[in-house]
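Biologist: I'm new to this one. Could you walk me through what the labels rest on?

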Amino acid sequence: MPLIEPLETKEMKKIEDFVIVLDTSMSCNGSLIRRFLEETYSVLSESESFFRKIQVHIIQCDEKIQDDQVIHNEKEMEAYLSDFTIKGGGNTDFRPAFSYVNRLAEEGQFDCLCGLLYFTDGYGTFPAKMPPYDTAFIFMKDDYRDVDVPPWAIKLILDTQALERERTAEHDEY
């Protein structure tokens, strides 16, 4: 994941503030959203510095903000995943999530916003203006359609079958 991989330097920068936005519109697949969250959690928990001092906003958004859960540690993340329910089901508009995160930043809710991951199927209206933080739009390969993301954003396509094979291979090593 481009925004959360550890830096290859002697002094590791800790991730302090991070945003994950989940597209919970009617066109998104609930099981893929859950799989994305589980895989993101797996990647984050493997990072040596991630669960020390963090604040991760997990925002559910269709055409409006449906939910914002703030996670500070591994225990809260596990609790969130165990009780995860999708909220939304309307149309898709990416702009409300960016407006909401920008407002949180203006209100001083972040010490150091490192980036935003937006998990989506791509059916929606992208913001015209580049935000002041790194942004990646993430698509699952089995639900992917070719989308022109804004030039200021990273476009990442995850292959769920490859992720499953990798996870199985890791477990077989132990």
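Biologist: What makes β5 and β6 a pair?

Modeller: Five bridges join strand β5 (residues 135–140) to β6, and the two run parallel. Pairing takes at least two bridges found by DSSP, so β5 and β6 pair. Alanine 136, for one, stands opposite isoleucine 154 in β6. Keep in mind that this is a predicted model, where local features need pLDDT of at least 70, side-chain atom pairs count only at pLDDT 80 or more, and totals for chains, interfaces and linings use all residues. Residues are numbered from 1 along each chain as its sequence is written, and side-chain values use heavy atoms, leaving out hydrogens and water.

Biologist: Why are β3 and β6 called edge strands?

Modeller: The open sheet has six strands, ordered β3-β2-β1-β4-β5-β6, with mixed pairing. β3 (65–71) and β6 (154–158) each pair on one side only. Strand to strand, the twist averages 20°.

Biologist: And what makes α1 roughly antiparallel to α2?

Modeller: Helix α1 (residues 30–46) and helix α2 (residues 74–82) pack at about 165°, axes 11 Å apart. Angles over 145 degrees count as roughly antiparallel (under 35 is roughly parallel, 65 to 115 roughly perpendicular, the rest oblique), so α1 is roughly antiparallel to α2.

Biologist: Which residues of α1 make the contact?

Modeller: Contact means heavy atoms within 4.5 Å. On α1, Arg34, Leu37, Glu38, Tyr41, Leu44 and Ser45 take part, and α2 brings residues including Met77, Tyr80 and Leu81.

Terms used
Axes fitted to C-alpha atoms, helices over the stretch in contact; angles between N-to-C directions. Helix = DSSP H or I, 4+ residues; strand = E, 2+ residues; numbered from the N terminus.
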